[in-house]
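Biologist: I would like to go through this model in questions and answers. Could we start with the terms and then take the strands in turn?

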Amino acid sequence: MWWFFESGLFGVFFVLIFTVVICGFIYVIVSGLRQWNKNNHSPRLTVDAEVVAKRTDVTHHRGTDHSMGHTSTWHYVTFQVESGDRMEFSVTGREYGMLVEGDYGRLTFQGTRYLGFERRR
């Protein structure tokens, strides 16, 4: 095992892993900025739609040294428009609680950004 440290392979692997991690962070940041920019340049649309599904994604992050940790919950709602196409949007917990499957109304969105839903009777 001593040859691993003396031959410089440890340094090479360290730099390689460090580079991959940094490139991953850069990719995530650039992708987010690209989607944000695309949404900003998309038209704001309001269409008739029905709430057809709701789901949550819960992740738990463990704490270190017996600390509590942290739980994150993401809320998603799927809408179906008159053409039959379905779109899923990330919404706040409050919006998620206010929407019920089968609700019909006017969905407003911009690109992949949910802007609101006005229920109709």
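Modeller: Two strands pair if DSSP finds at least two bridges between them. The model is predicted. With that rule, strand E1 (residues 44-61) is joined to E2 by 12 bridges, and the two run antiparallel.

Biologist: Which residue stands opposite Ala53 in E2?

Modeller: E1 and E2 run antiparallel. In E2, the residue opposite Ala53 is Thr78.

Biologist: What is the order of the strands in the open sheet?

Modeller: Strands of a sheet pair through backbone hydrogen bonds, either parallel or antiparallel. Here the sheet is open, has 5 strands and pairs in the antiparallel way, and its order is E3-E2-E1-E4-E5.

Biologist: Which are the edge strands?

Modeller: The order of the sheet is E3-E2-E1-E4-E5. An edge strand here pairs on one side only, and the strands that do so are E3 and E5.

Biologist: What does the twist average from one strand to the next?

Modeller: The sheet has 5 strands with antiparallel pairing. From one strand to the next, the twist averages 35 degrees.

Biologist: How many bridges join E4 to strand E5?

Modeller: On one side, E4 is joined antiparallel to E1 by 7 bridges, and Glu50 stands opposite Tyr104 of E4 there. On the E5 side, Leu107 stands opposite Phe117. E4 and E5 (residues 113-120) also run antiparallel, and the number of bridges joining them is 7.

Biologist: Is strand E4 largely enclosed by the rest of the structure, or largely open?

Modeller: Strand E4 covers residues 104-110. Of its 7 residues, 5 are buried, so relative to the rest of the structure E4 is largely enclosed.

Biologist: Which residue takes a positive phi in the hairpin of E4 and E5?

Modeller: This hairpin has 2 residues between the strands. The residue there with a positive phi, near 65 degrees, is Gly111.

Biologist: Is Asp48 buried or exposed?

Modeller: Asp48 lies in strand E1. Buried means under 20% relative accessible area. The relative accessible area of Asp48 is 18%, so Asp48 is buried.

Biologist: Which side chain is joined to that of Asp48 by a polar contact of 3.0 Å?

Modeller: Apart from neighbours within four places in sequence, Asp48 is in contact with several residues, among them Gln80, Tyr104 and Arg120. The polar contact of 3.0 Å links the side chain of Asp48 to that of Arg106.

Biologist: How far apart in space are Val52 and Arg86, C-alpha to C-alpha?

Modeller: Val52 lies in strand E1. Leaving aside neighbours within four places in sequence, the contacts of Val52 include Arg86 and Glu101. Val52 and Arg86 are 34 residues apart in sequence, while their C-alpha distance in space is 8.6 Å.

Biologist: How many residues does the largest nonpolar core have?

Modeller: The residues with the most contacts inside this core are Val77, Phe79, Leu99, Leu107, Tyr114 and Phe117. E1, E2, E3, E4 and E5 each supply at least two of its residues, and the largest share, 3 residues, comes from E2.

Biologist: Are the rings of Phe14 and Phe18 stacked, or edge-to-face?

Modeller: A pair of aromatic rings is described by the distance of the centres and the angle of the planes. Planes under 30 degrees apart count as stacked. The count of aromatic pairs comes to 6. For Phe14 and Phe18, the centres are 6.4 Å apart and the planes are at 15 degrees, so the pair is stacked.

Biologist: What is the angle between the planes of Phe79 and Phe117?

Modeller: Phe79 in strand E2 and Phe117 in strand E5 are 38 residues apart, so-called distant parts of the chain. Phe79 is buried at 0% relative accessible area, and Phe117 counts as buried at 14%. Their rings are 5.3 Å apart centre to centre and form a tilted pair, with an angle between the planes of 40 degrees.

Biologist: What is the relative accessible area of His75?

Modeller: His75 is found in strand E2. Not counting residues up to four places away in sequence, His75 touches Arg55, Phe89 and Tyr96, among others. His75 is buried, with a relative accessible area of 16%.

Terms used:
Residues numbered from 1 in each chain as written. Predicted model: local features only at pLDDT ≥ 70, side-chain atom pairs only at ≥ 80, totals over all residues. Heavy atoms only, no water. Buried < 20%, exposed > 50% of the residue type's maximum accessible area, 1.4 Å probe, protein only. Helix = DSSP H or I, 4+ residues; strand = E, 2+ residues; numbered from the N terminus. Polar contact = N/O pair within 3.5 Å; in protein donor to acceptor, adjacent residues only side chain to side chain. Contact = heavy atoms within 4.5 Å. Core = buried A, V, L, I, M, F, W, Y, C linked by side-chain atoms within 4.5 Å. Axes fitted to C-alpha atoms, helices over the stretch in contact; angles between N-to-C directions. Phe/Tyr/Trp six-rings, centres within 6.5 Å; stacked < 30°, edge-to-face > 60°.
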